[in-house]
Amino acid sequence: MKKASNNITPACRVSEVKEYYFSTKLKEIAALNAQGANIISLGVGGPDQPPHPEVINTLCHEAQQPGAHGYQPYVGLPALREAYAGWYSRWYGVEIDPATELLPLIGSKEGILHTTLAFINPGDGVLVPNPGYPTYTSVSRLAGASIHYYDLTEESNWEPDFEQLENIVKDSNIKLMWVNYPHMPTGKTASKALFERLVDFGHRHGIVIVNDNPYSFILNDNPLSILQVEGAKDIAIEMNSLSKSHNMPGWRMGMVTSNATFINWILKVKSNVDSGQYKPMMLAAVRALQCDEQWYAQVNQVYAERRKAAEQLMQALGCTFDPQQRGLFLWGRIPDSVESSEAFAQRILDKARVFVVPGFIFGTNGDRFIRISLCASTSNIQQATQRVLNIDNN
């Protein structure tokens, strides 16, 4: 077998990004577990509870139908688009034309790429939150964008500083702004007033505001959409997902919604990249979108118990936190005496065999923080607390 020529090099964009942090870290943890380490992982926000039983029953039933296995429309089944639109109307009070104003996605992470490619030319400016979801940065780099970070800080209650934003746009060709409320990793919720300011900012500067909104049903009594703001649809895009709200992370069922023109541009990209979703999964997602208040309450009851345990773990670690956080994580400030979040998390992994996420991976403003996932059983979180308390006794 011939070896690859030493003259062959990857595309320049490959050098612009690194392998996703969780991809590398989870391989490390798997190797440690293979050696008998028994790591308690409180890292990834992947729900470990099952979907509604009827969702699984629908999938199984539909998968046995003869016509279930062919290619499907790039825009998804009409029934799925109508179900997404009905969900938005019922829970957010937002009316969406299912035929033209929304598009099913293979998870909202896919939508970040498609939306970026639909709007950004090389050199165009993108506003990215610091701290924020790392994929906003990596995808922007893959597209050749000029990245401009805007600060979210504990002092500003994790909301944008609009004076800073105005200064950034004075001398920059900003075309797209990523926002994410309820915010990951900090758990900060938005108010309608904040969304109104963001929409106004977008209108005044011709900047598309994209709200990534997968966490609004987790430990949150007041789900909000940026599209509730009058005139938002003209300048804003929202992505949503069944991964967190309906315990379907591996199903990769998401959506993007906005005005018909924006959706059509995103479709042009998406239709050249994938070939639609599996029909039985789409029909099962329709059933998931019919879940009532009792379903969400049962899911959140489990998360509420885990959240209490996570707060006890944070206290055992000597960290402080805002009890008003929402979503799948608990975000805590590390002790002042600790060098960095990376060193702190590594010490916990080495000494207690507990994996928590160091905040530096979300940006420089996250370096004095760690993140604990609620996607582990209460007993595992409690066991992690006991291991931490035993560090100094060993």
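Analyst: A residue is called buried if its relative accessible area is under 20%, exposed if that area is over 50%, and partly exposed in between. The structure shown is a predicted model.

User: Is Thr385 buried or exposed?
Analyst: Thr385 is part of helix H14, which covers residues 378-389. Leaving aside residues up to four places away in sequence, its contacts are Ala309, Gln312, Leu313 and Ala316. The relative accessible area of Thr385 is 10%, and since the limit is under 20%, Thr385 is buried.

User: Which residues does Thr137 touch, not counting residues up to four places away in sequence?
Analyst: Thr137 lies in helix H6. With a relative accessible area of 11%, Thr137 is buried. Residues up to four places away in sequence being left out, Thr137 touches Val128, Ile147 and Tyr149.

User: What is the handedness of the β-α-β unit made by E3, helix H6 and E4?
Analyst: Strand E3 (residues 125-130) and strand E4 (residues 146-151) run parallel and are joined by 6 bridges. Helix H6, residues 134-142, belongs to the unit together with these two strands. The β-α-β unit is right-handed.

User: Which residue in E4 is the bridge partner of Pro129?
Analyst: Strands of a sheet pair through backbone hydrogen bonds, either parallel or antiparallel. Here E3 and E4 run parallel. The bridge partner of Pro129 in E4 is Tyr150.

User: How many residues does helix H12 give to the largest nonpolar core?
Analyst: The largest nonpolar core has 123 residues, of which Leu42, Leu80, Met177, Trp178, Phe201 and Met253 touch the most other members. Helix H12, residues 293-316, gives the most to this core. Its contribution is 8 residues.

User: Which residues does Leu42 touch, not counting residues up to four places away in sequence?
Analyst: Leu42 is among the core residues that touch the most other members. When residues up to four places away in sequence are not counted, Leu42 touches Leu313, Val354, Phe355, Val356, Arg371, Ile372, Ser373, Ala376, Ile381 and Ala384.

User: Against which helices do the buried residues of H11 pack?
Analyst: Helix H11 (residues 279-288) is mostly covered, as 7 of its 10 residues are buried. These are Pro280, Met281, Met282, Ala284, Ala285, Val286 and Ala288. They pack against helix H3 (53-63), helix H4 (78-92) and helix H9 (242-245).

User: What arrangement do the rings of Trp87 and Tyr92 have?
Analyst: The whole structure contains 19 aromatic pairs. The ring centres of Trp87 and Tyr92 are 5.9 Å apart, and both residues are buried. Ring pairs also link Trp87, Tyr88, Trp91, Tyr92, Phe217 and Tyr296 into a cluster. Because the planes of Trp87 and Tyr92 stand at 80 degrees, the pair is edge-to-face.

User: How many residues apart in sequence are the parts tied together by the pair of Trp331 and Phe362?
Analyst: The rings of Trp331 and Phe362 form an edge-to-face pair, with centres 6.0 Å apart and planes at 70 degrees. Trp331 is buried at a relative accessible area of 3%, and Phe362 counts as buried at 4%. Trp331 lies in strand E10 (residues 329-333), whereas Phe362 lies in the loop between strand E12 (357-358) and strand E13 (369-373), so the parts tied together are apart in sequence by 31 residues.

User: How many disulfides does a search of the whole structure find?
Analyst: A disulfide requires two cysteine sulfur atoms within 2.5 Å. For Cys60, the nearest cysteine sulfur is that of Cys291, 16 Å away, and Cys60 is in no disulfide. Cys291 is likewise in no disulfide. The number of disulfides found is 0.

User: Is Cys60 buried or partly exposed?
Analyst: Cys291 is buried, its relative accessible area being 3%. The relative accessibility of Cys60 is 42%, and Cys60 therefore counts as partly exposed.

Definitions and conventions. Residues numbered from 1 in each chain as written. Predicted model: local features only at pLDDT ≥ 70, side-chain atom pairs only at ≥ 80, totals over all residues. Heavy atoms only, no water. Buried < 20%, exposed > 50% of the residue type's maximum accessible area, 1.4 Å probe, protein only. Pairing = 2+ DSSP bridges. Helix = DSSP H or I, 4+ residues; strand = E, 2+ residues; numbered from the N terminus. Right-handed = clockwise from strand over helix to strand, strands pointing away. Contact = heavy atoms within 4.5 Å. Core = buried A, V, L, I, M, F, W, Y, C linked by side-chain atoms within 4.5 Å. Phe/Tyr/Trp six-rings, centres within 6.5 Å; stacked < 30°, edge-to-face > 60°.
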